[in-house]
Amino acid sequence: MHKVYLPSGELFLCNEDDTLVQGALRQGVGLPYECNSGGCGTCKFILEEGEVEELNPDAAGLSDRDKRKGRKLACQCRPMSDLKIKVSPDPLYTPLHKPAIQQAKLVSIETLTHNIRAFKFKPDTPMDFLPGQYTLLTLPEGDVRAYSMANLADDQSGVEFFIKQVPGGHVTQALFDIRYDTDTEVSLDGPYGIAYCRTSPRDIICVAGGSGLAPMISIARAHVQAGIKRKLYFFFGGQRHEDILKLDQFRRLVGDSTGIIQYTAAVSDETSSGSADNGFVHQVMLERMGQQLSEYDIYCAGPPAMTTALESTLHTIGFPMGQLYYDRFF
Ligand SMILES: Cc1cc2nc3c(=O)[nH]c(=O)nc-3n(C[C@H](O)[C@H](O)[C@H](O)COP(=O)(O)OP(=O)(O)OC[C@H]3O[C@@H](n4cnc5c(N)ncnc54)[C@H](O)[C@@H]3O)c2cc1C
Ligand code: FES
């Protein structure tokens, strides 16, 4: 364990195997972060004293300018000595459930679309998490990737992820080649993420693009299970018709037998049909929901291009940005 001193003089203890983000959150210290994967740059800090091991010095979250200014990524640095770092914790990032590592076994694989499968892992002890959060999954060979939970913490059968196959992707290819049998042991480290569903008087809009399906389904499942009176509008987008869920499939997944959630599918590269609108999912959502968007909380997950486009459009039209929640996928 190494001591990590913050500008306020407070400190947290960080294990040598943990990054600074993991170490801080395990102790309830809210260091700013988002993707935990080196892509977004939210976790930048300046190292004032001590030595760190940088897991990926070329991570996309650091620009050349950042490097010249001596900035590093707290989600990619492990302590090699006691440290003094320049970055201030923010209560927004204080975890409601502190992340912890535990072993889990693969218990089932189910096909959802031609390129999305549901993988369920049973951890040694149930994991506490909030709808919309994610976990760092380590496969037997040691590769680590972030995956969002699709189910709810009270599901005794395990933790479920919806994983989209990325052509040429290292981890998804291994998972889709079925190199792993049930009973394969993995490690789960979580929960992480700040885009979890908040209590609010407003109606909810969920926007999911491709790989972002899981956290939005988790929010929808929580909504149905709680019997919440607020309305929930769910938008799911892909490139082609084969990429999206049909209405009955969506309802079965979220347990919405009476149709309390309004589901809209969107396809960007094929013409619309009775079951899907034509266009990028965030554009379809903006067209369908009209001008009164500030009356909603918007949750969104998916490829960075989609989240960035939605964020910038909402910013332009004066949407109250505190009502938009997402963790960027990188
Ligand atoms: C907070 C967070 C939550 C996430 N939740 C989920 C989830 O619930 N389900 C899910 O399927 N994925 C999710 N991801 C993405 C996931 O972590 C991996 O990045 C993804 O599965 C690709 O891993 P890979 O090893 O197959 O690809 P890699 O070998 O790491 O990458 C191969 C190539 O694919 C590109 N690439 C990586 N990810 C994507 C992507 N999503 N879409 C298109 N191209 C990509 C890379 O830039 C690279 O060029 C999440 C990511 C983050 C940061
Ligand atoms: S780059 Fe560290 S949290 Fe995204």
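The C-alpha centres of domain 1 and domain 3 are 33 Å apart. What you see is a predicted model, and its chain is divided into domain 1, residues 2-93, domain 2, residues 100-192, and domain 3, residues 203-325.

The lining consists of Glu 34, Leu 92, Tyr 93, Ile 194, Ala 195, Arg 198, Glu 311, Met 321, Gly 322, Leu 324, Tyr 325 and Tyr 326. By class, that lining has eight nonpolar residues, one polar and three charged.

How many cavities of 30 Å³ or more does a search of the whole structure find? The search finds three, and the largest cavity has a volume of about 90 Å³. The largest cavity is lined by 15 residues, and those closest to its centre are Tyr 33, Tyr 93, Pro 95, Gln 133 and Gly 193. You have already met Tyr 93, in the lining of the second largest pocket. The lining of the largest cavity has eleven nonpolar and four polar residues, with no charged ones. Where does the largest cavity sit relative to domain 1 and domain 2? Both domains give residues to its lining, so the largest cavity lies between them.

The second largest cavity holds about 50 Å³ of space. Its lining is made up of Gly 132, Tyr 134, Ser 148, Ala 195, Pro 215, Met 216, Cys 300, Ala 301, Asp 327 and Phe 329. Two elements give two or more residues to that lining: α4, residues 213-226, and β18, residues 296-301. Seven of the lining residues are nonpolar, two are polar and one is charged. Here the domains involved are domain 2 and domain 3, and each supplies at least three residues to the lining. Ala 195 is on this list and also lines the second largest pocket.

The axes of α4 and helix α5, residues 247-254, cross at roughly 65° and come within 9 Å. With angles of 65 to 115 degrees counted as roughly perpendicular, α4 and α5 are therefore roughly perpendicular to each other. On the α4 side, the residues in contact are Ile 217, Ala 220, Arg 221 and Val 224, and they meet Phe 250, Leu 253 and Val 254 of α5. This contact has six nonpolar residues, no polar ones and one charged.

The other pair is α6 and α7. At what angle do helix α6, residues 281-289, and helix α7, residues 304-316, pack? The angle is about 30°, and the axes are 9 Å apart. That makes α6 roughly parallel to α7. Val 281, His 282, Met 285 and Leu 286 of α6 make the contact with Met 306, Ala 309, Leu 310, Thr 313 and Leu 314 of α7. Seven of the residues in the contact of α6 with α7 are nonpolar, two are polar and none is charged.

Definitions and conventions: Residues numbered from 1 in each chain as written. Chains lettered and ligands numbered in written order. Predicted model: local features only at pLDDT ≥ 70, side-chain atom pairs only at ≥ 80, totals over all residues. Heavy atoms only, no water. 1 Å grid on protein atoms, 1.4 Å probe; cavity = no way out; pocket = protein on both sides within 12 Å on 5 of 7 lines; lining within 4 Å. Points joined across faces, edges and corners; volume = space filled by probe spheres on them. Nonpolar A, V, L, I, M, F, W, Y, C, P; charged D, E, K, R; others polar. Domains from an automatic or database assignment. Helix = DSSP H or I, 4+ residues; strand = E, 2+ residues; numbered from the N terminus. Axes fitted to C-alpha atoms, helices over the stretch in contact; angles between N-to-C directions. Parallel < 35°, antiparallel > 145°, perpendicular 65-115°, else oblique. Contact = heavy atoms within 4.5 Å.
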